[in-house]
Amino acid sequence: MPMFSTPLSGLNAASNALSVISNNLANINTVGYKEQTASFQDLFYQNIGDTGAGNPIQIGAGSTVGAVTSNFGNGSFDTSGISTDVAITGEGFFVTQKEGALSFSRNGHFTVQSNGELDTQDGKAVMGYPAINGVIDTSQDLSPIVLGQGLISPPLTTSNLQMTSNLDASAAVGTNFSTPMSVYDSLGVSHILTFQFTKSGPGAWNYNATIPAAEVGGTGAPVNVATGALTFDGNGKLTSPTGSVTGIAVAGLADGATDMNVTWNLYDKNNNPLLTQVDSASTTSATFQDGYASGTLLNFNVGSDGVISGTFTNGKTSPIAQITLARFANQQGLQREGDNSYVSSLASGDPVIGTPGDGGRGTLTGGALEQSNVDIATEFSKMIIAQRGFQANAKVVTTFDEITQDTINLRR
């Protein structure tokens, strides 16, 4: 008598394969989804005897789905231009956390929450290494990445300044020329230092640097912070001082900032004087100082190494954090939990977490999303094959039914 269980196993296997294919097609437009393939294997065999040569005579009991494997190859990229979108090229999974539990994802469609935390769309925190004073230390523990608009770029006190100026060689003795310069204290507050040059003789000028009295807690006339003399040779080249003017002290600032100690660089890095004296109007063509005010975060971008660099209102760019990626010894062993998310298992092994581009991990592309790697033409081809297999096994069931009916009819 025929065994209905054999074609039924084929029907079940083909039905499961169709379920996998339909799931692939259903997720063809999802972000970061990975194609799956059902693999068949045969069931046990029944021994019904041996041949004259001693070879076993076996009849199979059908088939089943032996494995459903995932395709972890890259999908195509969709350039969104949104700074919170990130795509992975190569191996690796974003590390996410919710309620203390780690999970992993290829879905880089992130969002910034009201508290500034970078999260997945289902509310999981994206984990990485935060920057401390603009420096990322990958030896520290992972923590949620924070990108809120309240992030501050700290101020930097001015410690060096310079000006590119010409003093008019034909000016009469006693002629004055002044150049104001903005400098910043330790609180990021701007102050104006005014450098006044007074001609004292042929090739000779005196300088006097002042700051408004109110800015150092005083009243009345500006307060002197530096005085000295400048000497030029017959070619208008500065000969004295021969080096930078150091120790320009600004003390007792009214805003409570730390006292400033500024160096006035009179020469460039090639030791060429920045001050000249030729027969041309006194003028300052360029100024430079190395301090700046504090700034708040304007925008950010993600580099290929996962470093998130922020641009601040003070014009500075500084690292904020670095996104991490996880690798697994056996990606096929990951457990899917929906929402494009995976969790580790005994089969996958523990995650090996590090920075993008290191240890075989892929690199990142900011402002882009990885699309599904499901190919619709391939899925339709597999669907036809699975459908034919289902039809063939269904035909076997009807044939067995006819044979059974004929056997019953033998009793008549």
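Visitor: Let's start here: where is the place of Leu-118?
Guide: Leu-118 sits in strand S10, which covers residues 118–119. Keep in mind that this is a predicted model.

Visitor: Is Leu-118 buried or exposed?
Guide: Leu-118 is buried, since its relative accessible area is 2% and the cut-off for buried is under 20%.

Visitor: Which residues does Leu-118 touch, not counting those up to four places away in sequence?
Guide: With those set aside, the list is Thr-84, Phe-110, Thr-111, Val-112, Lys-124, Ala-125, Val-126, Ile-145 and Leu-147.

Visitor: While we're on charges, how many salt bridges does the structure hold?
Guide: There are 7 salt bridges. One of them joins the side chains of Lys-34 and Glu-370, at 2.4 Å from N to O. That pair links distant parts of the chain: Lys-34 is in the loop between H1 and S1, and Glu-370 is in strand S33 (residues 368–370), 336 residues apart.

Visitor: Are Lys-34 and Glu-370 buried or exposed?
Guide: Both Lys-34 and Glu-370 are buried.

Visitor: What about Lys-382, which partner does it have in a salt bridge?
Guide: Glu-379, and the closest N and O atoms are 3.3 Å apart. Lys-382 and Glu-379 both belong to helix H2, 3 residues apart, or about one turn of the helix. Glu-379 counts as buried, with 0% relative accessibility. Elsewhere, salt bridges with shared partners put Lys-34, Arg-106 and Glu-370 into one network.

Visitor: OK, aromatics. How many aromatic pairs does the structure hold?
Guide: It holds 11 aromatic pairs. Take Phe-93 and Phe-328: the ring centres are 5.9 Å apart and the planes are at 70°, so this pair is edge-to-face. Here too the pair links distant parts of the chain, with Phe-93 in strand S7 (residues 93–98) and Phe-328 in the loop between strand S28 (325–327) and strand S29 (335–336), 235 residues apart.

Visitor: Why do Phe-93 and Phe-328 count as buried?
Guide: Phe-93 counts as buried because its relative accessibility is 1%, and Phe-328 because its own is 7%. The cut-off is under 20%.

Visitor: What's the geometry of the Phe-94 and Phe-110 rings?
Guide: Their centres are 5.0 Å apart and their planes are at 80°, so they are edge-to-face as well. Phe-94 lies in strand S7 and Phe-110 in the loop between strand S8 (101–105) and strand S9 (111–112), so the pair ties together parts 16 residues apart in sequence. Both Phe-94 and Phe-110 are buried.

Visitor: Which residues do ring pairs link into a cluster?
Guide: Phe-72, Phe-93, Phe-104, Phe-328 and Tyr-342.

Visitor: Switching to helices, how far does H1 reach from its first C-alpha to its last?
Guide: H1 (residues 5–26) reaches 31 Å with its 22 residues, close to the 32 Å expected at 1.5 Å a residue. Its buried residues, including Leu-11, Val-20 and Ile-21, pack against strand S1 (36–42), strand S4 (63–70) and helix H2 (376–409).

Visitor: And Gly-128, where is that found?
Guide: Gly-128 is in strand S11, residues 125–132, and is buried at 0% relative accessible area. Neighbours within four places aside, Gly-128 is in contact with Asp-141, Leu-142, Ser-143, Ile-145, Gln-322 and Thr-324. From Gly-128 to Thr-355 the C-alpha distance is 8.7 Å, although they are 227 residues apart in sequence.

Visitor: Last one, the surface. Which residues make a nonpolar patch?
Guide: Ile-48, Ile-57 and Ile-59 make one of about 250 Å². Ile-57 is in strand S3 (residues 56–60) and is partly exposed, with a relative accessible area of 32%.

How values were computed
Residues are numbered from 1 along each chain as its sequence is written. Side-chain values use heavy atoms; hydrogens and water are left out. Rings of Phe, Tyr and Trp (its six-membered ring) pair if their centres lie within 6.5 Å; planes under 30 degrees apart count as stacked, over 60 as edge-to-face and the rest as tilted. Helices (H or I, at least four residues) and strands (E, at least two) are DSSP runs, numbered from the N terminus. Buried means under 20% relative accessible area, exposed over 50%, partly exposed in between (1.4 Å probe, protein chains only). The expected span of a helix is 1.5 Å times one less than its number of residues. Contact means heavy atoms within 4.5 Å. Patches are made of residues with over 30% relative accessible area and no salt bridge: like charges are joined within 9 Å, nonpolar side chains (Val, Leu, Ile, Met, Phe, Trp, Tyr) within 5 Å. Accessible areas come from the Shrake-Rupley method with a 1.4 Å probe; for residues, only the protein chains shown count as cover. A salt bridge is a side-chain nitrogen of Lys or Arg within 4 Å of a carboxyl oxygen of Asp or Glu.
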